[in-house]
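Please open the model in your viewer and keep the selection panel at hand. The tour makes two stops.

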Amino acid sequence: MTEVNTPPRPAGGPPRTGGWTRFVTARPRLSLLVALVLTALAVLAGSGVADRMGSGGWQDPAADSTYATRALEREFPDSQPNLLLLVDAGRASVDSPAVAAEARRITARLAAEKGVEGVGSYWRSGAPTLRAEDGHEALIAARITGDEKAADDTLQRLAPSYRGAHGPVKVTLGGPVAVRYEMQTIIKEDLTRAELIALPVTLLLLVMVFGSAVAALLPLGIGIVSILGTNAVLRGLTELTDVSVFALNLTTALGLGLSIDYALFIVRRFREELATGADPLTAVGTTLRTAGRTVLFSALTVAVSLAAMLLFPQYFLRSFAYAGIAVVLLAAAAALILLPAALVLLGHRVDALDLRRLLRRGRPRRVSGEEGTAWARTANLVMRRAPFFAVATTAVLILLGLPFLGVKFGTADDRQLPSTSESHVVQQHIRDGFPGSPGGGLEVLAEGRATAAQYADYRTRIAALPEVARVDGPLVKGDLAYFSVLPKGEAVGDSAQRLVGDLRAVRTPFDTKVTGTAAVLVDSKHAIAEHLPWAAAFIAIVTLLLVFLLTGSVVIPLQAVLLNALSLTAMFGAVVWVFQDGHLSGLLGFTSPGSIETTLPVIMFCVAFGLSMDYGVFLLSRIKEEYDHTGDHRGSVRHGLQRTGGLITAAAVILAVVMVAIGTSRVTNTKMLGLGIALAVLMDAMVVRSLLVPAIMRLTGRATWWAPAPLRRFHTRFGLTEAAPPRTPEPDRERDKAATRG
């Protein structure tokens, strides 16, 4: 026999002001003054944070390819050039005396520069891979030493004097260090533009949601505080560890998005309590006991999803966890401390400066019950046709996710940049016009004493591998040797990735380690595949626990995790169809590399799953609150959607606007992140929360609230459910009419 939880009946009596309410509202002016001072300090502490951040971090630091790369950089700098000078002779040949003389002069001058080593060129070595097939272009290669910051400083110093016309030749700069510097510069510029787009549009949407300009400014203020605070946190972290510049985009998106979500929920509930006749202090107390606890749970679930990225070794992924966790906790803290203090001071003036008054033309202000009538009708319709809506929405979401089955993983390169950027143009010239893709081959580091005969035997054996086009070397230095292996086909194609495994499988009397673009990709994919199950299990287990503590049911947490994962299918399908396959590339202004960067789906999953749980907690908390009061399962689902449907949709639209503003970036990965998460948020709010969740909860009925007796006792003791003042249930329409008369 199925045993269903019986909703607790709250004791009567007036609501009491809790300890937390007293703490945050005792001295509201002092609280806001302290917040203002701390925000000003955060501005100073976080200034220049982007200049201290890196743009790499895709490699596994413990991988063989990473070890080999560092050893080659140290012992054989010529093998790892990070700066390429493309020398264009125009209509002349690169072998003409005048061109050759000028190119040798530039090469010698570059070799004498401080912070530069391993300088080589076509005119020094005569290597055919450094000469374009048409004979009009050739390369000078060098390595800028030092960490990312030092390399960027050196590049800034060198670029003006080498870029441009030099007698009969024209020089343009490319290579990894130029790509990285240009990417950092573009990201900073795009982030500023995204903020300038998002802030006024968000304010306009908030005014449309609240009507009041005062109420609309509150969420925006909370968002600005959380963003500035997170920048200060990231600035501190750069002193301790590597942090990716890409994380700044997440700071802006989540800082605005979640702060607005939390403030919307709290301000909306505060206004509802004021509409019932409560004084501001009592309204704040009720709001914190109900919406405040929901915000706390929401922040925890989002932080858990983002914390899963800490389990991966790549600092690119870990950077998003640093930024995400910091901005979520700061947004929740601001919403639960600063916002209540402001609401106590404002009181009924929270509705001041009603900018929609002209549009209403004398009609009375609609209260939340009237605004939710359409959502109540939607809930009734969905629950009457629950099997149809459950099957239809699930089928559509699965269908939209099918393109992801054809995903191809690759590495981030210059094609992330606009097609007109200098380093992208240089790398594209190399791909299209040079034989053997200079810089795109594989390198083998041999460690241990060996004879010339053993090296020659090893070279013969690897040259015989089916995917090898050419083998150069060895270059010997003490107990180390270096071989260059040029694969057939693309530098990071399937054949090159197979060759990495073949090279590592060759048995030798000395230790070998393989690096190069394809090897880094293979190791990155392996690291993600190895850690992904642990990250997924962490998210699932902690989310199940948190939702259980909120609801007291073992069925609802399972529904929440499964439906959240299902809501992300459209995002992943669209990412492959658009960014990998290149559809809409002209409209959106990007160059498709034909693959998806390996770490990006992990970031998108963690962020989008957390945001889906954010909206899920909002809806479930209101359903649970109503069920605790009435014990009416179907009525509770209808009430929850009626009260939060419009709020969740408004929050999703505003967050989508912020993510689309981020998606206007000229860097493809950032564009993919912004537009993909915007789609996921809208699908979750408008399809999953509005249609699929009510349908599934109608099908499971009162069994939705089931939990075994030991877990019910555990929840009774440790659960953190919402506790609103008791009320007598009444039909929605009658309650709305009463509120309207009030």
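A polar contact is a pair of N or O atoms within 3.5 Å; within protein, one atom must be able to donate a hydrogen and the other to accept it, and residues adjacent in sequence count only if both atoms are side-chain atoms. The model is predicted, so local features need pLDDT of at least 70 and side-chain atom pairs count only at pLDDT 80 or more, while totals for chains, interfaces and linings use all residues. Residues are numbered from 1 along each chain as its sequence is written, and side-chain values use heavy atoms, with hydrogens and water left out.

**First stop.** Select Thr238, in the loop between helix H8 (213-237) and helix H9 (247-275); helices are DSSP runs (H or I, at least four residues) numbered from the N terminus. The side chain of Thr238 reaches the backbone oxygen of Arg235 at 2.5 Å. Next, display Arg52, Met53 and Val243, which Thr238 touches when residues up to four places away in sequence are not counted (contact: heavy atoms within 4.5 Å). Is Thr238 buried or exposed? Thr238 is buried, at a relative accessible area of 12% (buried is under 20%, exposed over 50%, with a 1.4 Å probe and protein chains only).

**Second stop.** Select Ile556, Gln559, Ala560, Leu563, Leu620, Arg689, Val693 and Met697, the lining of the largest cavity. A cavity is a set of points on a 1 Å grid where a 1.4 Å probe fits but cannot get out, and lining residues have an atom within 4 Å of a point. Colour helix H20 (555-567) and helix H25 (668-700), each supplying at least two lining residues; H20 gives the most, with 4 residues.

Terms used:
On a 1 Å grid over the protein atoms alone, a cavity is a set of points where a 1.4 Å probe fits but cannot get out, and a pocket is an open set with protein on both sides within 12 Å along at least five of seven lines; lining residues have an atom within 4 Å of a point.
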